[in-house]
Amino acid sequence: MEIVLALVIVAVVAWFVTAPLRRTPSQVEAAAARTEDPAVADLEARKEAKYREIRDAELDRQQGKLSQDDWRRQDAELRRDAIEILKALDETRSKAANPQPD
C-alpha cells in the first residue's frame, strides 16, 4: 500500500513539474501575447535602466567622482527622465487595460 501511495505521489509531482514542457508552441505564444505588451516591456526596460543610472550617479557622488553640484544637476535630469518614463508606462498600461472601441 505504501509503495502505491509513493508511486502516485511521484506521478503527480512529475506531472506538475513537466507541465511547462508539455505546452505546444501555439499555447506558449498565446500566453506571451496575453501577458506581455511590447510597449510595456520596452518602457519597463527603460525604467530599470534609468533607475540603474540614478544609483550609479549616487555611487559616483559617494566615491567623490562627481562634485555635489554636478551630482545635483545630473540627479535632477535623471529623475525628470524617470518621471517621464513612469508617466508613459502608466498611460500605456491604462490604454492596454481599457482599449478604445474602433
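Visitor: Which residues does Lys 47 touch, not counting residues up to four places away in sequence?

Guide: Ile 85, Leu 86 and Leu 89. Touching here is contact, meaning heavy atoms within 4.5 Å. Keep in mind that this is a predicted model: local features need pLDDT of at least 70, side-chain atom pairs count only at pLDDT 80 or more, and totals for chains, interfaces and linings use all residues. Residues are numbered from 1 along each chain as its sequence is written, and side-chain values use heavy atoms, with hydrogens and water left out.

Visitor: What makes Lys 47 count as buried?

Guide: Buried means under 20% relative accessible area, exposed means over 50%, and partly exposed is in between, with a 1.4 Å probe and protein chains only. Lys 47 has 15% relative accessibility, so it counts as buried. Its place is in helix α3.

Visitor: How do you know how α3 and α4 are oriented to each other?

Guide: The axes of α3 (residues 38–62) and α4 (residues 68–97) cross at roughly 165° and come within 9 Å. Those axes are lines fitted to C-alpha atoms, for helices over the stretch in contact, and the angles run from 0 to 180 degrees between N-to-C directions. Under 35 degrees counts as roughly parallel, over 145 as roughly antiparallel, 65 to 115 as roughly perpendicular, and the rest as oblique. The pair is therefore roughly antiparallel.

Visitor: How do you know whether the span of α1 agrees with its residue count?

Guide: The expected span is 1.5 Å times one less than the number of residues. For the 16 residues of α1 (residues 2–17) that should be 22 Å, and the end C-alpha atoms are 22 Å apart, so the two agree. As for α4, its 30 residues reach 42 Å from first C-alpha to last, close to the expected 44 Å.

Visitor: What makes you call α1 hardly covered?

Guide: The count of buried residues among its 16 residues is 0. Across the 102 residues of the protein, 14% count as buried.

Visitor: How many helices and strands does the protein have?

Guide: It comes to 4 helices and 0 strands. Helices (H or I, at least four residues) and strands (E, at least two) are DSSP runs, numbered from the N terminus.
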